Amino acid sequence: MALRVLLLLGLFQMGWCFSQTRDTVQATSFLVKDTLVDRNALALKSTLAQADSLDGKPLEDNAFAVQFDEQWFEELYSNHLFDSIYKSISDLNFDEEVDYPELPTDTLKARLKELDAKTPFNVEYNPSLESVIKSYLKDRRALLQKLITLSSFYFPMFEYELDRYNLPLEIKYLAVVESALKPRAKSRVGATGLWQFMFATGKMYGLDVSSYVDERCDPVKSTEAAAKYLSKLYEIFGDWDLALASYNSGPGNVTKAIRRSGGYKNYWNIRHNLPRETAGYLPAFLANMYIFEYAEQHGFKKIKPEFALIETDTIRVKHMITLDQVSEVTGTPVEELQFLNPAYKLDIIPYIKEEDYVLRLPRQAAGIFVNNEAQIYAFVKEEFAKREKPLPQFFNADDRIRYKVISGDYLGKIARKYGVRVSQIKQWNGLRSNDLRIGQRLTIYPRKPYVGPVSTASQNPVNKSLTGSHVTYVVKSGDSLWSISQKFPGVSVQNIKEWNDISGTKLKPGMKLKISRS
């Protein structure tokens with residue numbers, strides 16, 4: 001029901017009215033021609049009716065169009081936007097006057113006054129904010145255009161959740177500053193997702209992390225968690241500027257800045273006592289708010305997204321299934337499925353009876369899936385039965401494990417492996433010193449996802465050579481990124497692409513790939 005409300009609200013907000021005509025299907029397709037989707041639907045229905053279901057010859061894509069797809073998905077998945085945003089906040093120079101005659105100071109003052117009148121944030125003019133806005137407009141136009149285009153997919157989703165919790169809709173611009181709208185963005189300190197939750201804070205607000213799933217990367221669930229967290233921060237500080245500052249650096253740093261400034265409560269008066277990144281955080285937020293609100297006046301194009309949330313639907317899975325298998329049975333490119341389902345770290349959707357793990361699909365593909373559900377799950381079970389290697393064991397990150405000490409172990413090494421502190425291991429096990437003995441059993445509550453051991457029986461040898469912290473894998477004829485990722489527990493297709501700077505999916509026999517050992 002909630003999803004239906006979300007879709008209806010999104011439809012109303014975006015002013016789009018879709019019919020079931022062929023023209024509408026063409027308008028709502030995402031990087032895949034409607035004729036290809038139609039052919040896939042017919043091909044699937046035909047092959048499912050045959051005895052050797054889903055063994056037919058795969059359809060081929062247009063090679064020329066694939067090149068455009070790869071460029072688009074590079075924009076969706078690349079961390080360049082996130083890294084660029086993070087650097088811009090850290091490097092902000094508030095005292096530097098920026099020469100940008102296209103935006104006169106009087107015009108900026110008038111527009112900021114208009115914004116201030118319709119938002120609870122303090123959007124008052126000051127030279128520091130002017131410097132940030134002008135530097136963004138002058139030096140970061142290409143980046144901003146990409147963000148404005150990408151926002152068309154995420155903002156309707158954000159606005160729905162923010163409205164549910166009666167929060168200012170302008171908070172949607174916070175995700176631009178936090179993650180550059182990258183659902184899998186990860187900071188240098190481990191904050192993850194569109195809203196950059198640390199592990200502990202995410203768990204506090206209901207975002208689970210396991211060997212398969214990181215709900216901090218789920219756009220809907222993480223947005224709801226961010227809304228709850230921001231509501232609590234506003235309840236504490238009673239001021240949105242301070243609530244945003246505490247969202248970035250923690251309430252403790254904000255209260256210390258208030259004390260050090262002599263009791264001031266205005267963000268601009270305590271800014272010099274905040275951590276450097278937080279000092280640039282609110283100006284970056286306000287600058288993005290201004291630029292997005294006045295995008296057309298500054299020559300940016302508000303392009304209709306190639307894909308919209310309303311054009312998707314979710315299906316609760318009834319059996320473990322991989323995105324590769326979903327791609328095969330629906331004809332949806334794996335990259336598109338990864339974009340729609342970023343919370344599944346290994347491109348595998350697990351089935352756990354008490355959990356609601358869902359698959360998000362384009363509407364046309366969702367219809368194909370539901371219409372052939374029984375046959376698809378039969379195919380999936382058969383595929384798993386033929387695997388040369390079991391899938392990684394599902395392991396919830398807050399479960400207890402029993403660790404057996406081996407030669408070469410020490411507390412620091414074990415602590416790093418599971419993302420915990422040495423002091424915690426000592427506390428959990430009643431240790432008074434750092435001494436360990438081989439064979440000793442330790443109780444550990446892992447902080448970061450742990451992929452359990454898999455059986456090595458009946459495994460084919462993997463062509464690899466160890467070099468430092470990586471494995472070098474030599475591509476063989478018939479290999480694909482997916483098949484290679486399954487040879488290494490905890491490794492996804494996206495991991496391999498990032499480690500080896502690969503934008504497409506094509507591999508050549510003899511190519512050497514780096515695979516992380518950790």
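The mean pLDDT of the chain in this predicted model is 76, and 73% of the residues reach 70 or more.

The largest nonpolar core contains 74 residues. Within this core, W195, Y247 and F285 have the most contacts. Helix α8, which spans residues 141–164, supplies the largest share of the core, with 11 residues. For F285, when neighbours within four places in sequence are left aside, the residues in contact are F121, E170, I171, Y173, L174, V177 and L244.

Y247 is also one of the residues touched by Y229. Residue Y229 is located in helix α11, residues 219–237. The relative accessible area of Y229 is 14%, which is under the 20% limit for a buried residue; Y229 is therefore buried. Besides Y247, and not counting residues up to four places away in sequence, Y229 touches F197, T201, Y205, S246 and P251. Between Y229 and M204 there are 25 places in sequence, and the C-alpha atoms of these two residues are 9.4 Å apart in space.

In one, helix α19 (residues 363–371) and helix α20 (residues 373–385) have axes that come within 5 Å and cross at roughly 80°. Angles of 65 to 115 degrees count as roughly perpendicular, so α19 and α20 are roughly perpendicular to each other. On the α19 side, I368, F369, V370 and N371 take part; they meet E373, I376 and Y377 of α20. By class, the residues of the contact of α19 with α20 are 5 nonpolar, 1 polar and 1 charged.

In the other pair, helix α21 (residues 411–418) packs against helix α22 (residues 422–429) at an angle of about 100°, and the axes are 8 Å apart. Because of this angle, α21 is roughly perpendicular to α22. L411, G412, I414 and A415 of α21 make the contact with V422, I425 and K426 of α22. The contact of α21 with α22 comprises 5 nonpolar, 1 polar and 1 charged residues.

Technical notes. Residues are numbered from 1 along each chain as its sequence is written. This is a predicted model: local features need pLDDT of at least 70, side-chain atom pairs count only at pLDDT 80 or more; totals for chains, interfaces and linings use all residues. Side-chain values use heavy atoms; hydrogens and water are left out. A nonpolar core is a set of buried Ala, Val, Leu, Ile, Met, Phe, Trp, Tyr and Cys residues joined through side-chain atoms within 4.5 Å. Buried means under 20% relative accessible area, exposed over 50%, partly exposed in between (1.4 Å probe, protein chains only). Helices (H or I, at least four residues) and strands (E, at least two) are DSSP runs, numbered from the N terminus. Contact means heavy atoms within 4.5 Å. Axes are lines fitted to C-alpha atoms, for helices over the stretch in contact, and angles run from 0 to 180 degrees between N-to-C directions. Angles under 35 degrees count as roughly parallel, over 145 as roughly antiparallel, 65 to 115 as roughly perpendicular and the rest as oblique. Ala, Val, Leu, Ile, Met, Phe, Trp, Tyr, Cys and Pro count as nonpolar, Asp, Glu, Lys and Arg as charged, and the others, Gly among them, as polar. pLDDT is the predictor's confidence in each residue, from 0 to 100.
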